[in-house]
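The following dialogue shows a student how to read several features of a protein structure. Please keep the sequence and the structure in view while reading.

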Amino acid sequence: MANLKVTVAGVEFENPLIAASGTFGFGKEYSEFYPLSALGGVSCKGITIKERPGNPPPRVTEAPGGMLNAVGLQNPGVDHFIEYDLPWLSRQGTKIIANVAGNAPEDYCATVEKLNDTCVDMVELNISCPNVKQGGVQFGTTCEGVFGITSEVRKHCKKPLMVKLSPNVTDISEMAVAAESAGADAVSMINTLTGMRIDIHTKRPILHNNTGGFSGPALLPIALRMVWQTAGKIKIPIVGLGGISTWQDAVEMLLAGASALQIGTVLFTDPYAPLKICEGLSEYMDKNGVESLKELTGGMRPW
Amino acid sequence: MANLKVTVAGVEFENPLIAASGTFGFGKEYSEFYPLSALGGVSCKGITIKERPGNPPPRVTEAPGGMLNAVGLQNPGVDHFIEYDLPWLSRQGTKIIANVAGNAPEDYCATVEKLNDTCVDMVELNISCPNVKQGGVQFGTTCEGVFGITSEVRKHCKKPLMVKLSPNVTDISEMAVAAESAGADAVSMINTLTGMRIDIHTKRPILHNNTGGFSGPALLPIALRMVWQTAGKIKIPIVGLGGISTWQDAVEMLLAGASALQIGTVLFTDPYAPLKICEGLSEYMDKNGVESLKELTGGMRPW
Amino acid sequence: MGRYDSKICRLKKTEKIASGIFDFLFEAPDFARQAQPGQFANIRLPGRTLRRPISICGIDREGGTLRFVFQIRGEGTAELAEYKAGDCLELLAPLGKGFPREQNRKTLLIGGGIGVPPLLGAAAELGTAAVAVLGFRNREAVILEEDFKKLGAKTLVATDDGSYGFHGLVTELAAKEEFEAVFACGPAPMLKAVRALAEERHVPCFLSLEERMACGIGACLGCATPLLDEEGNRYYGHVCKDGPVFDACRVILE
Amino acid sequence: MGRYDSKICRLKKTEKIASGIFDFLFEAPDFARQAQPGQFANIRLPGRTLRRPISICGIDREGGTLRFVFQIRGEGTAELAEYKAGDCLELLAPLGKGFPREQNRKTLLIGGGIGVPPLLGAAAELGTAAVAVLGFRNREAVILEEDFKKLGAKTLVATDDGSYGFHGLVTELAAKEEFEAVFACGPAPMLKAVRALAEERHVPCFLSLEERMACGIGACLGCATPLLDEEGNRYYGHVCKDGPVFDACRVILE
Ligand SMILES: Cc1cc2nc3c(=O)[nH]c(=O)nc-3n(C[C@H](O)[C@H](O)[C@H](O)COP(=O)(O)OP(=O)(O)OC[C@H]3O[C@@H](n4cnc5c(N)ncnc54)[C@H](O)[C@@H]3O)c2cc1C
Ligand SMILES: Cc1cc2nc3c(=O)[nH]c(=O)nc-3n(C[C@H](O)[C@H](O)[C@H](O)COP(=O)(O)OP(=O)(O)OC[C@H]3O[C@@H](n4cnc5c(N)ncnc54)[C@H](O)[C@@H]3O)c2cc1C
Ligand SMILES: Cc1cc2nc3c(=O)[nH]c(=O)nc-3n(C[C@H](O)[C@H](O)[C@H](O)COP(=O)(O)O)c2cc1C
Ligand SMILES: Cc1cc2nc3c(=O)[nH]c(=O)nc-3n(C[C@H](O)[C@H](O)[C@H](O)COP(=O)(O)O)c2cc1C
Ligand code: FES
Ligand code: FES
């Protein structure tokens, strides 16, 4: 079996597959299928300084090539996370990424400060969640916003800091550059594309939040383009995600410029997908004489 | 059978289904299936002032929930269009929209001037085609760009003028507002989302242009969100497109705020789709006592 | 196997039992061993992103089978209906919390339409302690009446148009019966009336709810439903993990 | 029906004829009446956006059937291979320009691998005027040899590893034959060698090309292939409408 280790911002992952935030909770439910050590890491459900109830239902629906969600950052708050969720997760033998969200810079800063003295391996700044009506999204869609929130949080964060970028922008690579120059150690991209579906009988949006984030297989071409477009412009590593469902998709994402991968929606289709992707990657490496995944990162040759 | 007529910018369409630019050529090939009068209108393949060869192959590929294309505006030029393509098309009993593209404002203006004295019913300004390396895309991704090109073209265009908007922007409704204030009579939205796929064996992008435009069913939620987001901000009508494949999708698009519809990629899956959608719309109207499609436009009630 | 798992299961039998309603029997010995009445499975459809949640309608532990009865309500269930005996589908099961399991109480099983199948598993455990009151649109829509009878339940049917059984609402018909507990599944207005009836009788009442789902196991927080906690404060529970069966006094029906 | 149409057709027979290679016979009387050797059909796969182009391998006008032989090369063709006799698929056919139809010339039909099937229709028209030279990887990969023979063609097989027939390239084997025209289908390097052979012999040569397609009828301009016009200027033609069969002297092989 090939060596699947990757290092991102000084954190070493046993393999490049990290469960994407919001799709894996705090890991307990999926540990019924396999030990979480089968995953390189887990990005936890977005955490805020205080508990949040989330949006009214319906919160999810299917759409061709994927799904929409508007969970709205339901989470028990950072204190509860540290006291009740983290202890168990930290014993599972996988790297832990705390995905942090908030309405105001102070919230973000207070949350990451609380995480400084925990065993969390990395902080992922969710400045791109499109579901929270105020805040959230605004940080992620202008260079000033990304720079501002990242540099504020950077001052308070002792952990490796990854900024998660929104695809709902004209030029995502500019946001990545802003994050890098504000001191981010890595970027993860992409979050969901904002979409909507309508119930033609009730004439109401299917999601109670009206709009929701589109994720799943159809996101892959968009994510690949954005990762490629960004990889040439920043020096910090990219964790690539958006629609990855097969090991072939994973190879594409690495070739486009990603150093590690996250997978979300495919877990709903097939909880065993990460194991299958690891196996496929490993066979591909053996067959093609790839010794380290680093060799694949950015290996695409444009025409 | 219900009355499916719609009026956009003074042009009356027998039904709301317009073939989307680039997917229907100049109509001849699809007329083998049914008379083009079955369609409300045809938006022709993007036309430029001079003939263009287009991009090297491969130009198309499938992706989950849709496809990517990078045709690159291959077209015979406006003079050839007027002399050889338009005469036949104008006898088919459907409305004709000339989709106009270019590299520079002068090109656009010269092209629409040539169209002024033809039987074309409407001009659709393609400022959003993501496949042309210079020009094209830049007009469509900033408010100034959209305003600039639209007001230039407006001065030279005697036909009803529709501006086709790109979804590859942070806030498409701002682009629509810019187009409206520059004198557009309507907007059509959305064009394709820029994406990429990679051949993991050759490590080359599958499309020779590296990136291409994603279209097809998975685009629908994004398009619906953008149409809804825009409908509240402008007074001129919206022609909605992006992923419409069924009559239910069509109803959703109308409810989101569209006055008429375009369909593209679904024609490749099923050339008879427009007829099926018309039939479905008509039955829906009869069943729900809808007398005119206008009643549906913008009928969605947000939560 | 943990509390649940995802496995490919072979269809042993499929049958159309009413217009748009299908009865599927899967070979699923491991799931059958663990499953409880009122739990559900998340069925994967090839080419689709989200699985479809369907309640377990029958559990044959010896035979190693699970039974599901479902209605075509959209594209996914229409695709599901195309499968035939011998075909395989991937099931994530058994999921959620089922009905409470105290066999001795006289229990009213009250269901409307496609809300009837989830109650059959409870009838199997209750035997003659069950009173099944089943409501349907009309005679043609009646399903599973014989199945309830065979299990020993006193079985009464109501139809909206009176074309079969009692002419009227299930709750009207049930009001004539004696019972010490209520298990219900069906549309929200019916559930409200059932809860009112149970409150009147001062008996415990359990409702099986539906909500759109993604993961099916409690990880994505997609299937939120508003509940009341012990102090009467509103919060979001999750149908896939905390339910689908809930104590009626905790449920907020909107 | 116009020049082509899209219709649901029933599969009459399906067979696996080599590893990963399938032989499908569709009931398609209208298409069979119009189809010409070398044309293709665009096959719709449920749930997929783009149809898959597959050459017509056999046309039975009396029997009202079309035959296709295809190889699994990706997800779409893998799904296609799952279909069985009795199933229905939607075909858009007959598409494109086939091989020229002058029956009297001694014609070399030269194909490599999955490039062989498109030539069979031409063999049916040429009868004994055909010399079929067919190349495969190895003995196990050989397909359709008997079919060409039955139609009267002088049929020669080459394999890359010499495990069957001639050990070497099809073009080496063909170079020993006499012919007045060439029809070829196969990978680009083979087509280059075939064209060189035809030039050497000063005989007309027609090549069947592949390109990724969307509409299949000439509307989307997706399937561009670089060609030379009469003055030798390069331009983009389209495989679905101007081809898939092209005069070799117009084709730019890259
Ligand atoms: C716990 C539980 C148990 C269920 N048990 C049964 C049963 O035994 N028999 C039965 O016929 N039906 C049952 N349902 C309802 C069944 O899940 C839906 O009818 C089905 O998901 C509809 O899918 P579709 O693709 O046909 O509809 P579409 O409307 O095309 O589906 C679109 C999306 O919405 C979801 N969705 C739509 N309606 C519902 C709904 N009512 N509940 C949950 N998700 C929905 C789908 O799963 C899909 O993700 C149950 C639902 C839940 C939550
Ligand atoms: C005119 C023509 C005739 C053909 N005749 C035959 C035949 O008789 N037998 C046969 O086995 N194959 C034939 N092919 C090739 C066949 O179309 C491809 O193998 C098939 O499309 C691959 O689809 P996939 O989903 O398995 O592959 P994927 O790689 O998963 O497909 C992805 C996309 O690329 C397209 N694509 C991939 N490879 C090709 C290719 N080589 N040519 C065209 N499109 C491609 C697919 O159609 C799809 O849109 C023909 C192609 C053309 C253009
Ligand atoms: C149900 C759901 C909840 C999500 N919640 C979060 C979240 O809390 N924080 C975050 O940064 N991203 C969240 N996301 C986005 C995912 O982490 C991921 O960026 C996105 O789904 C694209 O990847 P995928 O296509 O592999 O799912 C959520 C996605 C889904 C589907
Ligand atoms: C092959 C192809 C070519 C296209 N060419 C053009 C074009 O020339 N001008 C234009 O404005 N849009 C062009 N488009 C975009 C479509 O008109 C449409 O905006 C897009 O495909 C989304 O709609 P759909 O999902 O219904 O296809 C093209 C799309 C495709 C698939
Ligand atoms: S469906 Fe994911 S939490 Fe219930
Ligand atoms: S596939 Fe559309 S032009 Fe050939």
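**Reading accessibility, charge pairs and interfaces**

A: Glu75(C) counts as exposed, because its relative accessibility is 56%. Buried means under 20% relative accessible area, exposed over 50%, and partly exposed in between (1.4 Å probe, protein chains only).

Q: What kind of model is this, and how are its residues and chains labelled?

A: This is a predicted model, in which local features need pLDDT of at least 70 and side-chain atom pairs count only at pLDDT 80 or more, while totals for chains, interfaces and linings use all residues. Residues are numbered from 1 along each chain as its sequence is written, chains are lettered from A and ligands numbered from 1 in the order in which they are written, and side-chain values use heavy atoms, with hydrogens and water left out.

Q: With which residue does Glu75(C) form a salt bridge?

A: Side chains of opposite charge can pair when their charged atoms come close. A salt bridge is a side-chain nitrogen of Lys or Arg within 4 Å of a carboxyl oxygen of Asp or Glu. The partner of Glu75(C) is Arg48(C), at 2.8 Å from N to O. This pair links distant parts of the chain, 27 residues apart: Glu75(C) is in helix H2 (residues 75-80) of chain C, and Arg48(C) is in the loop between strand E3 (40-44) and strand E4 (52-55) of chain C. Helices (H or I, at least four residues) and strands (E, at least two) are DSSP runs, numbered from the N terminus.

Q: Is Arg48(C) buried or exposed?

A: Arg48(C) is buried, because its relative accessible area is 16%.

Q: Where does the salt bridge between Asp23(D) and Arg67(D) lie?

A: In this pair the side chains meet at 2.7 Å, N to O.

Q: How many salt bridges does the whole structure have?

A: A search over all chains finds 48 salt bridges. One of them joins Asp79(A) and Lys114(A), whose closest N and O atoms are 2.9 Å apart. Here Asp79(A) belongs to helix H1 (residues 78-90) of chain A and Lys114(A) to helix H2 (residues 105-116) of chain A, 35 residues apart. Asp79(A) counts as partly exposed at 42% relative accessibility, and Lys114(A) is partly exposed at 36%.

Q: Which chains share the most contacts?

A: Contact means heavy atoms within 4.5 Å. Of the three pairs of chains in contact, chains A and B share the most contacts. Chain B and chain C do not touch, and their nearest C-alpha atoms are 9 Å apart.

Q: What area is buried between chain B and chain A?

A: The size of an interface is often given as the accessible area lost when the parts come together. Buried area is the accessible area (1.4 Å probe) that two parts lose on being put together, summed over both. Between chain B and chain A this area is about 4,300 Å², and carbon and sulfur atoms give 64% of it. In this interface, 46 residues of chain B are in contact with 46 residues of chain A.

Q: How many salt bridges are there between chain B and chain A?

A: The count is four. Among the salt bridges is the pair Glu252(A) and Arg197(B), at 2.7 Å from N to O. The elements that give two or more residues to the side of chain B that touches chain A are strand E11 (193-195), strand E13 (204-205), helix H6 (220-231) and helix H7 (247-256) of chain B. H7(B) provides the largest share, seven residues.

Q: Where is Thr65(C), and which residues does Thr65(C) touch?

A: Thr65(C) is in strand E6 (residues 65-71) of chain C, and counts as buried at 6% relative accessibility. Not counting residues up to four places away in sequence, Thr65(C) touches several residues, including Lys12(C), Leu25(C) and Phe26(C).
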